[in-house]
Amino acid sequence: MAEASTVASGADARQSYSGVAKAFHWTIVLLIAYMLYNGWTADDVPREARGGVMQLHAGFGIIVLVLMAARLAWRVGHPAPALPSDLPRWQVIASRATHHGLYFLVILQPLLGLTLGITSTKSNLMPFGLFGLQAAPNNAIHHVAGLLHGLNAYLIAALVVLHILAALYHHFVRHDAVLKRMLPFVKA
Ligand code: HEM
């Protein structure tokens, strides 16, 4: 999910991501995988356990929002290493669009989730059981936020699949360092 903002020489393209960039990337990858799984399977959980599952969903979702905000703020002062200079222009544009799209949708998703909790007319959703979110019950807004939260999950999953395919293409077809430079414990 890291972003390559510029195109430069082969030497620059081999430059690795910093430890901070890798830590943000892989922590958020794990959390999003968990959040999608947790959201899509919540209905299959026995009724008496569902409240606890949703408390975890809300809590970890808020952590995703905080991490994404921190990552975006950090990213402003720390540009990503350049893409290989011989990458076709359409691939540079597609890469940028995918990364911007992921940032946008992954920040939007917890905001929609918070809207769901705040506007709920039935249960009072409590992130990690700490505090209740139900501050302004509103059926109409709750309904729309629920639809968008469900749809956005599929958009995130689709962009993640595209992102993984692009990383594999770089490694196995182009044989460049774009995948390797984001892998933990690997020197590109
Ligand atoms: C990256 C963050 C998040 C992801 C990827 C995510 C993903 C999902 C998914 C896949 C579903 C199932 C949707 C469906 O099948 O229609 C869901 C449901 C839900 N999520 Fe999230 N979520 C996130 C953050 C949050 C947050 C922060 C909250 C609340 C604070 C929240 C509250 C809810 C609620 C209440 C539901 C159940 C909606 C319903 O029953 O209609 N989510 N989420």
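## An exposed partner

With 63% relative accessibility, Asp-43 counts as exposed (over 50% relative accessible area, using a 1.4 Å probe and protein chains only; buried is under 20% and partly exposed lies in between). Asp-43 pairs with Arg-50 in a salt bridge, their closest N and O atoms lying 3.2 Å apart (the term needs a side-chain nitrogen of Lys or Arg within 4 Å of a carboxyl oxygen of Asp or Glu). Arg-50 is partly exposed, at 34%.

This is a predicted model, where local features need pLDDT of at least 70 and side-chain atom pairs pLDDT 80 or more, while totals for chains, interfaces and linings use all residues. Residues are numbered from 1 along each chain as its sequence is written, and side-chain values use heavy atoms, without hydrogens and water.

## A linked trio

The whole structure holds three salt bridges. In one, Asp-86 meets Arg-174, with 3.0 Å between the closest N and O atoms. This pair links distant parts of the chain, 88 residues apart: Asp-86 is in the loop between β2 (83-84) and α4, and Arg-174 is in helix α5 (helices are DSSP runs of H or I, at least four residues, and strands runs of E, at least two, numbered from the N terminus).

Arg-174 also bridges to Asp-176, at 2.9 Å from N to O. Shared partners join Asp-86, Arg-174 and Asp-176 into one network. Asp-86 is exposed at 57%, Arg-174 partly exposed at 23%, and Asp-176 buried at 15%.
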